[in-house]
Amino acid sequence: MATKPIVVVTGGAGFIGSHTADRLVELGHRVVVLDDFRTGKRANLQRWLEPRHGFDGSDPALEIVTCDVSHGIFAALAPLTAKYGRVERIVHLAAQVSVVASVANPLVDMAVNYGGTLHVLEYARAMGVAKVAFASSAAVYGDVEAMPVGEDTPTRPVSPYGIDKLASELALDYYAAVHGVATTALRFFNVYGPRQDPASPYSGVISIFSDRAKAGKPLTIFGDGGQTRDFVYVGDVVRAIVAALGDGNSRLVANVGTGGEISVLELARTITELCGGKSTISHAPQRAGEILKSRARVDRLREQLGVVAETRLVDGLRATLG
Ligand code: NAD
Ligand code: UD1
């Protein structure tokens with residue numbers, strides 16, 4: 001009997017990656033996670049590491065390989081492809097995710113976020129991978145006046161992170177056009193939900209505010225709080241990733257957001273209120289490389305990928321707060 005082909009999730013021990021791996025295993029795929037655990041956690045995948053989650057009680061449905069994607073992925077995958085056969089599809093999520101960290105250290109950002117993508121694409125080209133789905137970002141747009149922002153809006157990133165995500169998108173398109181590797185890039189807006197790690201000051205704002213508000217600690221807003229974001233729930237993002245991983249839609253670039261926006265000040269007030277209103281709100285200087293407005297145009301997501309991010313912010317916040 002032929003073994004099930006491999007679906008690789010780079011960055012699969014992280015926030016979005018572990019939710020993606022969950023869904024892919026539930027859909028019956030053989031999942032291989034590549035991660036170097038710089039922010040990801042094995043605990044995020046623990047449920048699949050129990051023996052009862054194997055195929056026919058033998059091979060595990062999910063395996064983890066420790067690997068830094070910026071050093072290449074051939075050697076890491078070789079033992080698994082020898083065992084199970086080729087890699088059929090790749091979800092490429094491994095990245096340095098902080099805009100602020102990219103401003104502080106652009107060379108690391110370039111090596112991981114652009115270099116890592118090139119390594120994944122080189123593997124896909126050499127091994128005949130059927131589809132690569134890539135986590136790009138709203139950061140590729142930079143500061144745009146007119147909202148919502150559509151995919152055809154000129155890209156002018158204002159951070160090394162945004163530049164490296166845009167360079168990765170261009171590389172995806174080049175590999176599709178010249179080498180015939182089918183690729184889809186998803187421009188995630190601000191993703192939130194359970195398992196987003198609040199540990200670093202560079203973590204996603206909802207994870208930080210939720211963590212602090214639950215403990216009744218003060219919240220700090222960078223700038224006046226008038227900056228807006230389109231916060232999209234991780235469950236909706238996973239549906240977009242699964243759709244992008246399917247056949248078709250090669251060379252597609254699609255926003256992944258809700259089409260709505262909320263200011264950071266309003267967000268802070270909402271989370272404080274959901275947690276019983278004990279936290280105070282203070283202000284600190286605006287961050288460098290910061291975009292001031294962000295709201296996705298989502299027609300392409302709906303029309304090409306058949307996905308609508310329908311989770312209401314208040315419901316997603318409740319699920320995140322636990
Ligand atoms: P995360 O930090 O939880 O996940 C990133 C994962 O990649 C972690 O498990 C980390 O250990 C791993 N990783 C980092 N560098 C690596 C390397 N060199 N080799 C192997 N593994 C490495 O962050 P996330 O929010 O889940 O982000 C996932 C992807 O989505 C990233 O590409 C990020 O840029 C993109 N994205 C996220 C958001 C958001 O709002 N969270 C928005 C836009 C785009
Ligand atoms: C986020 C993602 C980035 C993604 C981009 C897409 C993270 C860490 N970053 O960047 O990967 O590509 O969305 O749009 O997930 N803020 C505060 N107080 C805090 C923390 C943050 O006021 O304690 C503010 C920030 O200044 C910013 C907003 O909240 O205005 C969102 O910040 P953050 O969650 O770090 O995300 P982005 O920079 O938008």
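1. A polar contact is taken here as a pair of N or O atoms within 3.5 Å; within protein, one atom must be able to donate a hydrogen and the other to accept it, and residues adjacent in sequence count only if both atoms are side-chain atoms. The model is predicted, with local features needing pLDDT of at least 70 and side-chain atom pairs counting only at pLDDT 80 or more, while totals for chains, interfaces and linings use all residues. Residues are numbered from 1 along each chain as its sequence is written, ligands are numbered from 1 in the order in which they are written, and side-chain values use heavy atoms, without hydrogens and water.

2. Oxygen atoms of ligand 2 are approached by polar side-chain atoms of Y161 at 2.8 Å, of Q227 at 2.9 Å and of R229 at 2.7 Å. On its own, ligand 2 has 740 Å² of accessible area, of which the protein covers 91% (Shrake-Rupley method, 1.4 Å probe).

3. Around ligand 2 there are 23 residues, the closest being V97, S137, V205, R229 and E290 (a heavy atom within 4 Å). This shell divides into 13 nonpolar, 7 polar and 3 charged residues (nonpolar: Ala, Val, Leu, Ile, Met, Phe, Trp, Tyr, Cys and Pro; charged: Asp, Glu, Lys and Arg; polar: the others, Gly among them).

4. Elsewhere, helix α2 (residues 74-84) packs against helix α4 (residues 106-127) at about 40 degrees, with the axes 11 Å apart. The contact involves F74, L77 and T81 of α2 together with E122, Y123, A126 and M127 of α4 (heavy atoms within 4.5 Å), and its residues divide into 5 nonpolar, 1 polar and 1 charged.

How values were computed
Axes are lines fitted to C-alpha atoms, for helices over the stretch in contact, and angles run from 0 to 180 degrees between N-to-C directions. Helices (H or I, at least four residues) and strands (E, at least two) are DSSP runs, numbered from the N terminus.
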